[in-house]
Amino acid sequence: MSILFAVLFYFATAVLVLGVGSRIRKYAKTPAPLKIPTTPAPTTRRGVVFRMIKELTIFESLFKSNKWIWLFGWLFHMGMLLVLLRHLRYFTDPVWSWVVFIQPFGKYASIAMLLGLIGLLVRRIVVDRVRYISAPSDFLMLGLLLVIGGTGAMMSFVTSADIISLKSYLLGLMVFDIRYLPSDPILLVHLASVAILMIIFPISKLLHAPGIFFSPTRNQVDNPRERRHVAAWAIKLEQK
Amino acid sequence: MAKVDYEIPELKEYPVIPKLKKDAMAHSAPYVAKEKFQTSLGYAGELVDNWQEVAIAKMGELTTKYRSLSVFLDSCVKCGACTDKCHYYLGTTDPKNMPVARQDLFRNVYRRYFTLAGKLVPKLVGAQDLTEEVLDDWYTYFHQCSQCRRCSVYCPYGIDTAEISMAAREVMATVGKGQKYCNEIIGKAQTLGNNLGLPEPALADTLEGLEEDVEEDTGVAVKFPLDKKGCDVLLITPSADFFAEPHVDGLIGYAKVFHEAGVSWTMSSYASEAANFGMFIGSYENMRKLALRIREAAIELGCKRIVFGECGHAWRVAYSFLNTLAGPFDFLDPAYPVPQHICEFTHDLISKDKLKFDKSENDHMTLTFHDSCNVARASRMGDEAGGQFTLPRDIINATCNNFYDMPKHAIKEGTYCCGGGGGLLTDDLMELRVKGALPRMEALKNVTENNGVTHMAAICAICKSQFSKVLPYYGFEMDQIVSVHQLVSNAIILTKDEDSVIDNEAETDDTVVAA
Ligand code: HEM
Ligand code: SF4
Ligand code: SF4
């Protein structure tokens with residue numbers, strides 16, 4: 001079991017890093033030949049950074065758009081962020097002090113995350129417009145996240161996992177030393193579904209996470225009159 | 001207004017998100033371009049035999065040329081935030097007019113041929129083969145998108161369906177299925193200089209007529225120069241301004257402003273079109289060819305500045321793309337932005353107190369302002385973000401006593417398209433145009449009832465044409481749409497020059513008669 005999961009995690013990590021890396025390389029290499037920020041847009045780089053920070057932290061556009069999706073989406077993402085940060089304690093020794101500090105918050109954040117996910121799932125089923133645009137994979141993705149969050153929360157609040165051995169196992173993985181993995185079924189389900197999520201990340205809509213940084217409607221400066229902006233392939237047209 | 005065999009949507013007190021009605025607009029598609037107009041733009045004359053292959057190759061090529069396309073196709077999480085944001089969905093209730101569903105028509109094919117998941121488990125991720133039905137759906141629904149970008153404001157990642165529509169239209173044109181209306185117009189503009197195909201003599205004739213009319217009206221010899229060399233300003237305006245109502249009243253307004261500013265100006269017969277339909281079909285090359293005519297005219301006429309008349313998508317291409325497509329404009333006077341909008345020009349004079357108005361000339365109207373989508377969400381005016389909203393309103397308030405904005409969700413960055421933008425302003429799409437105007441008509445009804453608004457001003461040739469056509473379907477009058485510079489024209493007090501002082505008496509008589 002220890003070895004099986006070790007292989008799974010090495011594979012998942014490789015897929016995640018290489019897959020997302022190659023997508024990011026593609027986005028970065030593909031030119032944006034025209035200035036297309038959705039206006040009103042910032043007229044300076046600093047303004048753009050501020051705009052992006054607002055999109056990333058408070059989901060500004062989504063807030064303008066739909067308060068329910070915003071509420072559930074924001075709960076889910078912020079919950080997930082805290083939960084992920086909290087997980088750092090399994091990978092650091094000694095545990096960084098700020099990670100220790102957020103432990104209690106991270107624990108309850110898992111509830112926020114689950115509530116958010118349930119809200120999103122209910123919308124997907126109940127609202128006819130959202131149901132129409134959903135493919136089976138959209139439901140499965142939410143299901144997978146619910147399994148991850150659900151099993152995680154169970155281990156925090158209901159049963160308790162052998163955290164000492166788990167930490168030793170994970171620290172071992174990081175130095176390519178395969179140690180003992182507790183064979184608690186809930187833990188194994190949790191770990192397996194995380195690995196699946198990592199593997200599908202680069203081939204699914206989860207690419208929205210890197211994607212938002214490359215979205216020209218959000219990350220471009222509104223200065224086309226001041227600065228000439230030409231893509232390499234467009235310059236070739238000029239030389240004809 | 002002709003009798004129609006479809007239902008005109010009812011105007012509700014408050015906007016209501018309609019229930020889906022599948023295929024409600026499946027029957028609506030514009031005429032396909034004839035061979036001659038396809039080939040002259042560099043596309044296949046008719047549907048090529050191996051169109052699937054060609055289309056997929058083109059799709060792949062576009063994802064390597066446009067980062068927007070590449071990122072947008074991957075990033076949508078199907079959250080549904082955009083589903084109720086499109087005026088065509090609100091007006092037609094067809095689910096494929098929800099922005100994300102429209103994108104999915106293209107995205108599902110992209111997934112099938114370009115992503116691992118789509119190749120391995122197409123059913124699971126909604127991937128689809130490019131079949132004849134899919135191509136038909138593309139043709140139908142990518143011609144039910146006015147590329148207004150309203151959806152992009154509300155998407156958490158800024159996914160802009162307009163970018164996808166443009167790409168899809170370019171793929172369709174490439175395989176031989178371009179749209180008649182757009183492609184014929186681009187052809188005319190590339191050969192004759194304007195969308196209407198007006199040759200130089202006709203243009204000169206029209207402008208001469210305008211000079212006579214204005215002089216008769218005001219007693220002041222306001223000029224409408226054409227192809228005059230060595231002027232300060234080259235005015236590029238949509239060709240509808242030369243004769244359509246209420247566009248022409250706007251053109252008269254620009255001329256009066258130039259006259260009062262004492263700035264020498266001219267129009268060009270070679271570049272007698274501000275509109276650039278190359279954008280609508282997603283063709284960088286065709287858009288560039290049209291933009292280059294403006295550069296050539298500016299060089300040929302030796303002007304110092306370029307000013308654009310009232311037109312929405314034209315201002316997008318001018319403001320956001322002109323420098324890219326046809327720059328650098330280092331031969332023009334660096335003291336002014338290139339190009340400038342006529343509203344920037346007028347606003348600047350107003351803020352320096354160089355124009356005098358008699359606002360009471362517009363007292364027979366109570367106004368509201370329709371923000372045109374391309375001006376609102378794809379460009380700017382003035383130095384500050386959002387100037388595209390304040391400048392036109394400032395001008396209206398400087399020339400009129402009665403102005404009220406429509407409800408907040410329907411103006412500024414949230415503005416609804418008129419229903420006729422993006423290359424859809426054609427008679428073969430009349431039903432779509434009527435239904436797509438619904439959200440704007442509801443907002444207009446709101447201020448009509450609550451604030452006594454009688455007229456709606458706009459700064460876009462397409463909006464003006466579209467509204468004069470669809471207003472009657474909703475119980476309004478066609479002349480309730482006006483140009484912003486028409487308001488300027490009505491209120492501006494012209495200084496009489498020496499020549500006309502002699503005619504002073506005759507002129508007073510005229511006014512009496514006119515009154
Ligand atoms: C800042 C920008 C982000 C915004 C605005 C955003 C927004 C959203 C939204 C609206 C959903 C839709 C959920 C649904 O309706 O099903 C979603 C899903 C998701 N996001 Fe994000 N997201 C952002 C960044 C991230 C990042 C950085 C991650 C990191 C890993 C992430 C991971 C996820 C996951 C795992 C899902 C669930 C997928 C699903 O529902 O199928 N997101 N996001
Ligand atoms: S760009 Fe405008 S017309 Fe096109 S889908 Fe988006 S909201 Fe609808
Ligand atoms: S708002 Fe954006 S991410 Fe959400 S469904 Fe629409 S296009 Fe997709």
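Start by selecting B:D353, which is exposed, with a relative accessible area of 56%. The cut-off for calling a residue exposed is over 50%. B:D353 sits in the loop between helix 16 (342-351) and strand 5 (367-369) of chain B. Check its backbone: phi is positive, about 60°, although B:D353 is not a glycine. Keep in mind throughout that this is a predicted model.

Now select B:R149. Its phi is about 70°, again positive, and B:R149 is not a glycine either. B:R149 belongs to the loop between helix 8 and helix 9 of chain B. Is B:R149 buried or exposed? With a relative accessible area of 1%, B:R149 is buried.

**From B:R149 to its partner**

B:D160 lies in the loop between helix 9 and helix 10 of chain B, and B:R149 in the loop between helix 8 (132-141) and helix 9, so the pair ties together parts that are 11 residues apart in sequence. B:D160 has 0% relative accessibility and therefore counts as buried.

Next, show what surrounds B:D160. With neighbours within four places in sequence left aside, B:D160 is in contact with A:T217, B:F72, B:R149 and B:S152.

**Ligand 2**

Select ligand 2 and the residues around it. Which residues come nearest to ligand 2? Of the 14 around it, they are B:C86, B:C145, B:S146, B:C148 and B:C151. Helix 4 (87-92), helix 5, helix 9 (150-154) and helix 10 of chain B each give two or more residues to this shell. Coloured by class, the shell around ligand 2 shows 7 nonpolar, 4 polar and 3 charged residues.

**Helix 5 against helix 10**

Select residues 99-114 of chain B for helix 5 and residues 161-175 of chain B for helix 10; their axes come within 10 Å and cross at roughly 35°. The crossing of helix 5 with helix 10 in chain B is left-handed. To see the contact itself, show side chains on both helices. Helix 5 of chain B supplies B:P99, B:R102, B:Q103 and B:F106, while helix 10 of chain B supplies B:T161, B:I164, B:S165, B:A167, B:A168 and B:V171. By class, this contact between helix 5 and helix 10 of chain B has 6 nonpolar, 3 polar and 1 charged residues.

**Across the chains**

Side chains of opposite charge can pair when their charged atoms come close. Over all chains, the count comes to 30 salt bridges. For one that involves chain A, select A:R129 and B:D84, whose closest N and O atoms are 4.0 Å apart.

Move on to B:E310 and B:K464. Their salt bridge has its closest N and O atoms 2.6 Å apart. How many residues apart in sequence are the parts that this pair ties together? The separation is 154 residues, because B:E310 lies in the loop between strand 3 (305-308) and helix 15 (312-326) of chain B and B:K464 lies in helix 21 (residues 461-470) of chain B. B:E310 is buried, as is B:K464.

**Two cis peptide bonds**

Select A:D93 and A:P94. The peptide bond that joins A:D93 and A:P94 is cis, with omega about 0°. A:P94 is in the loop between helix 4 (67-86) and helix 5 (97-126) of chain A.

The other stop is in chain B, at B:V338 and B:P339. The bond from B:V338 to B:P339 is cis, with omega near -15°. B:P339 is placed in the loop between helix 15 and strand 4 (340-341) of chain B.

**Chain A as a whole**

Chain A has 12 helices and 0 strands. Its C-alpha atoms fill a box of roughly 65 × 40 × 40 Å along the principal axes. Of the 240 residues in chain A, 50% are buried. Among contacts in chain A between residues at least 6 apart in sequence, 71% join residues at least 24 apart.

Methods
Residues are numbered from 1 along each chain as its sequence is written. Chains are lettered from A and ligands numbered from 1 in the order in which they are written. This is a predicted model: local features need pLDDT of at least 70, side-chain atom pairs count only at pLDDT 80 or more; totals for chains, interfaces and linings use all residues. Side-chain values use heavy atoms; hydrogens and water are left out. Axes are lines fitted to C-alpha atoms, for helices over the stretch in contact, and angles run from 0 to 180 degrees between N-to-C directions. Helices (H or I, at least four residues) and strands (E, at least two) are DSSP runs, numbered from the N terminus. A crossing is left-handed if the near helix is turned anticlockwise from the far one by less than a right angle, and right-handed if clockwise. Contact means heavy atoms within 4.5 Å. Ala, Val, Leu, Ile, Met, Phe, Trp, Tyr, Cys and Pro count as nonpolar, Asp, Glu, Lys and Arg as charged, and the others, Gly among them, as polar. A residue is near a molecule or strand if one of its heavy atoms lies within 4 Å of it. A salt bridge is a side-chain nitrogen of Lys or Arg within 4 Å of a carboxyl oxygen of Asp or Glu. Buried means under 20% relative accessible area, exposed over 50%, partly exposed in between (1.4 Å probe, protein chains only).
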